[in-house]
Amino acid sequence: MTAVKGSGDGRRVTSNAFKDKSKPTDIRSSNIQAGKAVADAIRTSLGPRGMDKMIQSANGEVTITNDGATILKQMNVVHPAAKMLVELSKAQDIEAGDGTTSVCVVAGALLEAAEKMLQKGIHPTAISDAFQRAASKSIEILRGMSVPVNLTDKESLIKSASTSLNSKVVSQQSSLLAPIAVEAVLKVVDPQKPTSVDLKDIKVIEKIGGTVEDTELVDGLVFTQKSAGVNGPKKVEKAKIGLIQFCISPPKTDMDHNVIVSDYAAMDRVLKEERAYILNIVKQIKKSGCNVLLIQKSILRDAVSDLALHFLDKIKVMVIKDIEREDVEFVSKTLGCRPIASLDHFLPEHLANAELCEEVLTGTGKFVKITGIQNMGRTMTVLVRGSNKLVLEEAGRSLHDALCVIRCLVKEKALIAGGGAPETEIALKLTQYAQTVTGVDAYCFRAFANALEVVPATLAENAGLNPISTVTELRNRHAEGETTAGINVRKGCITNILEENVVQPLLVTTSIINFATETVRSILKIDDIVNTVQ
């Protein structure tokens, strides 16, 4: 006897199973499309002939840049998978500082390769594992073609910094900015920890006025504000510098308390007390022999009152007020002194010494410069100049990229050729290696190799060359054993790129491949997007 079926039971079961099978595929393809869209958006700004993007924020502020990380950071991205590519370029920016556009372009190409293999019916996990092995193999190939570099060889360091700057808006000034970046990083390398550089020790100060050519490296300190005194000294030689964190102004009551003064005698007494309080502080300052005073910014009351300024002018002390709280650490490290938190500690041994502290006049404003500091910490200041805000900001960002490139070389002392040469070499060697592998891996390795050719193809496309014929010729030259043949954008042909001084740190390219592969693997493994309750 057969069991009685509930009406529509069988039908419901099959339709559910059918729905579930197509959903992961749809989600995966939607994720891949979103990733590719982000990669295509910044693809045109890759390389020395890449275009710039103009970014307009909601409040009407305009930024002009071709730095991948900056573009993506400001882009309004909604799709969760596309956000992963934004995070990817941020990770590359933190790790290597350069190659933020390339890493997204490579990830986009790998996603496209994965999509084709998914359509052939290869399982996403198989593709993901094969990509991981292909990435490890690529890193091996890269290490094989890298050239070791010595930090004393400044010429190689300057070459790699100018390669990074050549793709930026300020490429004309690369001959000036590259040596500045090299000099600054080499100054702050700690001999105890020769492989790490903290870029916080290099302060990049942007000041409108002049042109980018007026950018200079200051072996000392620069404050963007002018000195606070009216009749005080504007130039102090043999300066004794005190960095204080207390205020030279009468104490205030708490926020919600008031002092009510009813008669003139009391008022007089208050003013006298005020005067005596400030005079006491000023006398202590004079006693210690301090003649340059740096005062931290205060929120609740004036860091220095008018009366205090008047007294400080009289005893010939140069005052620089409103030093931001986050800058205090940098200032005290540079001067080699501790910030003084209370008047009792204001003693001669807590002061720093410098040869010269002067107020310098520039186009539109003034700034204070301290040079010749004794026992100076391992810090540097770069003063970037520019004729308008857009150029100035972009020069600051480009300089940061150049500093990061030198930092990469300090971390891992090896260089490789640029101009699409390493990617083409990996593609060639991986394709040869794919012939020795069997099964699904061979397919995936070949797809991975082809995907990497997107970098030379995009370089050629952005330079106005024919991408197909250029990449084909590049492949031929590499097959003939010219491992450093790359696209020479200036001449519009293929040459030995090392002779053209186009070099980049090994760390930049290895982290591009590692990060792009990791992101693509995680996108491939997602088969559903779940929205939370909150």
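Me: Before I start, how are residues numbered, and what limits apply to a predicted model?

Reply: Residues are numbered from 1 along each chain as its sequence is written, and side-chain values use heavy atoms, with hydrogens and water left out. In this predicted model local features need pLDDT of at least 70 and side-chain atom pairs count only at pLDDT 80 or more, while totals for chains, interfaces and linings use all residues.

Me: Into which domains is the protein chain divided?

Reply: Domain bounds come from an automatic or database domain assignment. Here domain 1 covers 21-148 + 417-525, and domain 2 covers 222-375. Their C-alpha centres lie 54 Å apart.

Me: How many bridges join β6 to β11?

Reply: Four bridges link β6 with β11 (residues 366-373), in the antiparallel sense. In one of the pairings, Gly-220 has Thr-371 of β11 as its bridge partner. Contact means heavy atoms within 4.5 Å.

Me: Which strands form the sheet of three?

Reply: That open sheet runs β3-β13-β16, with antiparallel pairing. Strands β3 (147-148) and β16 (503-505) are at the edges with a single partner strand each, so one side of each is left without a neighbour in the sheet. Between β13 (residues 414-417) and β16 there are three bridges, in the antiparallel sense. Leu-415 stands opposite Pro-505 in β16.

Me: What describes two packed helices?

Reply: The angle between their axes and the distance between the axes describe them. Axes are lines fitted to C-alpha atoms, for helices over the stretch in contact, and angles run from 0 to 180 degrees between N-to-C directions. Angles under 35 degrees count as roughly parallel, over 145 as roughly antiparallel, 65 to 115 as roughly perpendicular and the rest as oblique.

Me: Is the crossing of α4 and α5 left-handed or right-handed?

Reply: A crossing is left-handed if the near helix is turned anticlockwise from the far one by less than a right angle, and right-handed if clockwise. The α4 and α5 crossing is right-handed. Leu-110, Ala-113, Ala-114, Met-117 and Leu-118 of α4 make the contact with Pro-124, Ile-127 and Phe-131 of α5.

Me: At what angle do α12 and α13 cross?

Reply: Helices α12 (residues 421-434) and α13 (residues 440-452) cross at roughly 165 degrees, with axes that come within 8 Å. That makes α12 roughly antiparallel to α13, and their crossing is left-handed. Among the contact residues are Leu-430 of α12 and Phe-445 of α13.

Me: And how do α6 and α11 pack?

Reply: Helix α6 (residues 154-166) packs with α11 (residues 389-411) at an angle of about 140 degrees, their axes 9 Å apart. The two are therefore oblique to each other, and the crossing is right-handed.

How values were computed: Pairing = 2+ DSSP bridges.
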